[in-house]
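This briefing is meant for a reader who is meeting the structure for the first time.

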Amino acid sequence: MPAFLAAMSPAPDRHRTARFEACFLPHLDAAWNLARWLARSDADAEDALQESMLRALRYFDSFNGENPRVWLLAIVRNTTWTLIAKKPGQGVHESLDEDLHLLIDGGPTPEAIALVASDIAVLQSALDALPAPLREIVVLRELEGFSYKEIATSPCRS
């Protein structure tokens, strides 16, 4: 049993804990990826993920059973933004420098862009350059496979 589950109470309900693990542990990698991309550091992502899993376990009884991945990632998103907002000098809303992101005719073809995007270092750099809210949408859509509808209708999106 993961340490964060054992720490919740001295004698957790084993059946409830087993249901929780079966429901959410398959999505732990997706939760880590989202926390890591939003927090931008392993240590902050670990904190956010641990707090998220504790919250998910705490409110597991309110989970309606539909799409556990979306429910868990909504908790991860909210928890990560809360932790980021509490850190001094960290802002959730970053401005987009439009001068750096001008669209110029005659630029690279879609094929060339796709080839460049396949390079992991280039992709990571591009994601890091995006403002946090836009980075979140790209991560959910392209890395986690959410549909645009899931992103738009997620209970955590404001």
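This is a predicted model: local features need pLDDT of at least 70, side-chain atom pairs count only at pLDDT 80 or more; totals for chains, interfaces and linings use all residues.

Helix 4 and helix 5 (residues 68–86) have axes that come within 9 Å and cross at roughly 130 degrees, an arrangement that makes helix 4 oblique to helix 5. Two packed helices are described by the angle between their axes and the distance between the axes.

**Helix 4 with helix 5**

- Helix 4 passes helix 5 in a crossing that is right-handed.
- On the helix 4 side, the contact is formed by D47, A48, L49, E51, S52, M53, R55 and A56, which meet W71, L72, I75, V76, T79, T80 and L83 in helix 5.

**Helix 3 with helix 4**

- Helix 3 (residues 28–39) packs against helix 4 (residues 42–58) at an angle of about 130 degrees, and their axes lie 8 Å apart.
- With that angle, helix 3 is oblique to helix 4, and the crossing in which helix 3 passes helix 4 is right-handed.
- In helix 3, the residues L28, A31, W32, A35, R36 and A39 meet D42, D44, A45, E46, A48, L49 and M53 in helix 4.
- The residues of this contact between helix 3 and helix 4 divide into 9 nonpolar and 4 charged, with no polar ones.

**Helix 3 with helix 8**

- The axes of helix 3 and helix 8 (residues 132–143) come within 10 Å and cross at roughly 155 degrees, so helix 3 is roughly antiparallel to helix 8.
- Helix 3 passes helix 8, too, in a right-handed crossing.
- L34, W37 and L38 are the residues of helix 3 that meet A132, R135, E136, V139, L140 and L143 in helix 8.
- This contact between helix 3 and helix 8 has 7 nonpolar and 2 charged residues, and no polar ones.

**Helix 3 itself**

- The 12 residues of helix 3 should span 16 Å at 1.5 Å a residue, and the C-alpha atoms at its ends are 16 Å apart, which agrees with that expectation.
- Buried residues in helix 3 are A30, A31, L34, A35, W37, L38 and A39.
- An α-helix has 3.6 residues a turn, so residues three or four places apart point the same way.
- After helix 3 comes R40, and the phi of R40 is positive, near 70 degrees.

Methods. Residues are numbered from 1 along each chain as its sequence is written. Side-chain values use heavy atoms; hydrogens and water are left out. Axes are lines fitted to C-alpha atoms, for helices over the stretch in contact, and angles run from 0 to 180 degrees between N-to-C directions. Helices (H or I, at least four residues) and strands (E, at least two) are DSSP runs, numbered from the N terminus. Angles under 35 degrees count as roughly parallel, over 145 as roughly antiparallel, 65 to 115 as roughly perpendicular and the rest as oblique. A crossing is left-handed if the near helix is turned anticlockwise from the far one by less than a right angle, and right-handed if clockwise. Contact means heavy atoms within 4.5 Å. Ala, Val, Leu, Ile, Met, Phe, Trp, Tyr, Cys and Pro count as nonpolar, Asp, Glu, Lys and Arg as charged, and the others, Gly among them, as polar. The expected span of a helix is 1.5 Å times one less than its number of residues. Buried means under 20% relative accessible area, exposed over 50%, partly exposed in between (1.4 Å probe, protein chains only).
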